[in-house]
Amino acid sequence: MADLHIEDFFKDAAKILSQLYMNFPKKSSVFVEDISGEDTPDEYGLHAPRHQACFGCMLWLEEEGYLRFESTIRQDAIDQAVLTQKSFSLLSRVCNDARIIELSERSNSQTKQIPSDLQTNINLVRKIQLKGTSTQLAEAMQRLLFKD
């Protein structure tokens with residue numbers, strides 16, 4: 001995948017959804033710097049493009065129904081955020097996408113297979129986050145988010 005900003009989008013989406021899954025159903029704040037790294041505002045105080053893109057990813061996930069939140073903390077975080085039913089159901093479902101399973105297995109071929117009861121979408125995404133490439137993660141997230 002040649003478009004780095006798209007790979008960053010999927011990487012951010014995976015981290016945001018994974019963080020909210022870990023806190024589900026408790027509402028929590030999600031800070032942009034925890035997802036995309038430290039921000040380096042310019043001399044006018046404007047956030048770096050990478051920071052703005054990550055914040056945009058949070059807003060997009062909300063607009064598309066993957067999460068909801070009560071407010072934003074400037075452009076630094078979303079506050080009182082939680083996964084929607086749609087997103088929780090998607091992430092906790094046992095993966096039936098052979099390509100995602102293959103990407104997960106390729107990303108960590110030296111470890112034991114994940115038992116089938118643990119082959120949920122979130123577990124496979126986490127495995128790819130830890131051991132896979134950004135391209136593998138982007139492909140897996142694209143298949144999850146845009147599968148009909």
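Author: One term comes up when bridge partners are named: two strands pair if DSSP finds at least two bridges between them. The model is a predicted one.

Reader: In E4, what is the bridge partner of Val30?

Author: Val30 belongs to the covered face of E1. E1 pairs with strand E4, residues 77-83, in the antiparallel sense, over three bridges. Within E4, the residue bridged to Val30 is Ile78.

Reader: Which residue of E4 does Ser28 stand opposite?

Author: Ser28 lies in strand E1, which covers residues 28-31. Beyond its neighbours within four places in sequence, Ser28 is in contact with Leu20, Asn23, Ile78, Asp79, Gln80 and Ala81. The one that stands opposite Ser28 in E4 is Ala81.

Reader: Is Ser28 buried or exposed, and at what relative accessibility?

Author: In a regular strand the side chains alternate between the two faces of the sheet. In E1, Ser29 and Phe31 form the uncovered face, while Ser28 and Val30 form the covered one. The cut-off for buried is under 20% relative accessible area. Ser28 therefore counts as buried, at 10%.

Reader: How many bridges join E3 and E4?

Author: E3 and E4 form a hairpin with three residues between them, and Arg74 in the turn has a positive phi of about 45 degrees. Across the pair, Thr72 stands opposite Ile78 in E4. E3, residues 71-73, and E4 run in the antiparallel sense, and the number of bridges is three.

Reader: How many of the seven residues of E4 are buried?

Author: E4 pairs with E1, with E2 and with E3. E4 is largely enclosed by the rest of the structure, because the buried count among its seven residues is five.

Reader: How many helices and strands does the chain have?

Author: Read along the sequence, the elements follow the pattern α-β-α-α-β-β-β-α-α-α-α. The secondary structure therefore comes to seven helices and four strands.

Reader: What radius of gyration does the chain have, and how does it stand against a compact globule?

Author: The C-alpha trace spans about 50 × 35 × 25 Å along its principal axes. Of the contacts with a separation of 6 or more, 58% are between residues 24 or more positions apart. A compact globule of 148 residues would have a radius of gyration near 15 Å, which agrees with the value for the chain, 16 Å.

Reader: Against which helices do the buried residues of H6 pack?

Author: In H6 the buried residues are Asn121, Ile122, Leu124, Val125, Lys127 and Ile128. Val125 is also in contact with Met141, which touches Phe10, Ala13, Ala14 and Leu17 as well, leaving aside neighbours within four places in sequence. The buried residues of H6 pack against H1, H4, H5 and H7.

Reader: How far apart are the C-alpha atoms of Ser36 and Cys54?

Author: Ser36 is found in helix H2. Not counting residues up to four places away in sequence, Ser36 touches Asp12, Arg50, His51 and Cys54. Ser36 and Cys54 are 18 residues apart along the chain, and their C-alpha atoms are separated by 6.4 Å.

Reader: How many disulfides does a search of the whole structure find?

Author: Cys57 is buried, with a relative accessible area of 1%, and Cys95 is buried at 7%. A disulfide needs two cysteine sulfur atoms within 2.5 Å. The cysteine sulfur closest to that of Cys57 is in Cys54, at 6.2 Å, which is too far for a bond. Over the whole structure, the number of disulfides found is zero.

Methods
Residues are numbered from 1 along each chain as its sequence is written. This is a predicted model: local features need pLDDT of at least 70, side-chain atom pairs count only at pLDDT 80 or more; totals for chains, interfaces and linings use all residues. Side-chain values use heavy atoms; hydrogens and water are left out. Buried means under 20% relative accessible area, exposed over 50%, partly exposed in between (1.4 Å probe, protein chains only). Helices (H or I, at least four residues) and strands (E, at least two) are DSSP runs, numbered from the N terminus. Contact means heavy atoms within 4.5 Å. The radius of gyration is taken over C-alpha atoms; the globule rule is 2.2 Å times the number of residues to the power 0.38.
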